[in-house]
Amino acid sequence: IEIVTHPNNPTGEPRKPLVQDGSRVIYDMVYYWPMYTDTSVKMSEDIMVFSASKHCGLAGSRFGWGLFKDPKLADQAEDVNFGVILAVSEDAMLRTYNTISQILSESPSPVTGMLPYHQFGREKIFSAFSRLFDA
C-alpha cells in the first residue's frame, strides 16, 4: 500500500504513485482545495481521503472523509470509522459543518470562478508568503 500526498506539500505539485495497482494507493487529498491548488483537474482515484484540518483551521480535529470506488471497501471503512466518529469532538464537527455550510451557500466570482471563502484564503496565503520572501 502506498500513500500519495496529492497535491504534494509544500510544492503543490501533483504526485504519481510508484505502485501500479490503483487499488493499493491511498491519495491523501488534505490540500486538494481551491485556495491551495488548481482543482479544475478532477480526481477520480480508487481511494481518496480528505480532511477539514487544514482547510477549516481545525488542525488536530481529525475530521475527515473518504471516497472509495469499491463498494465493499467503502462498507469496511464505514465499519472501522464508526468507532472513530465517537472520538471526534462535537466542537470540531460543528465548526466543520458551519464552515462547509458557508462555502456551499456562496456563489462563485464571475471573474475568478472561485468562491469568496477560497479567494480570501488564497489572497491571505499569497500575501503571507510575499511578505516572507520580500524580507
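Visitor: Why does W33 count as buried?

Guide: Its relative accessibility is 12%. Buried means under 20% relative accessible area, exposed over 50%, partly exposed in between, with a 1.4 Å probe and protein chains only. So W33 counts as buried. This is a predicted model: local features need pLDDT of at least 70, and side-chain atom pairs count only at pLDDT 80 or more, while totals for chains, interfaces and linings use all residues. Residues are numbered from 1 along each chain as its sequence is written, and side-chain values use heavy atoms, without hydrogens and water.

Visitor: What makes W65 partly exposed?

Guide: W65 has 30% relative accessibility, so it falls in the partly exposed class.

Visitor: How many aromatic pairs does the structure hold?

Guide: Two. Rings of Phe, Tyr and Trp (its six-membered ring) pair if their centres lie within 6.5 Å; planes under 30 degrees apart count as stacked, over 60 as edge-to-face, the rest as tilted.

Visitor: Why is the pair of W33 and W65 called edge-to-face?

Guide: The ring centres are 6.2 Å apart and the planes stand at 85°, so the W33 and W65 pair is edge-to-face.

Visitor: What makes the pair of F50 and W65 stacked?

Guide: The F50 and W65 centres are 6.0 Å apart, with 10° between the planes. Stacked is therefore the label, as the angle is under 30 degrees.

Visitor: Is F50 buried or exposed?

Guide: F50 has a relative accessible area of 14%, so it is buried.

Visitor: Which residues form one aromatic cluster?

Guide: W33, F50 and W65.
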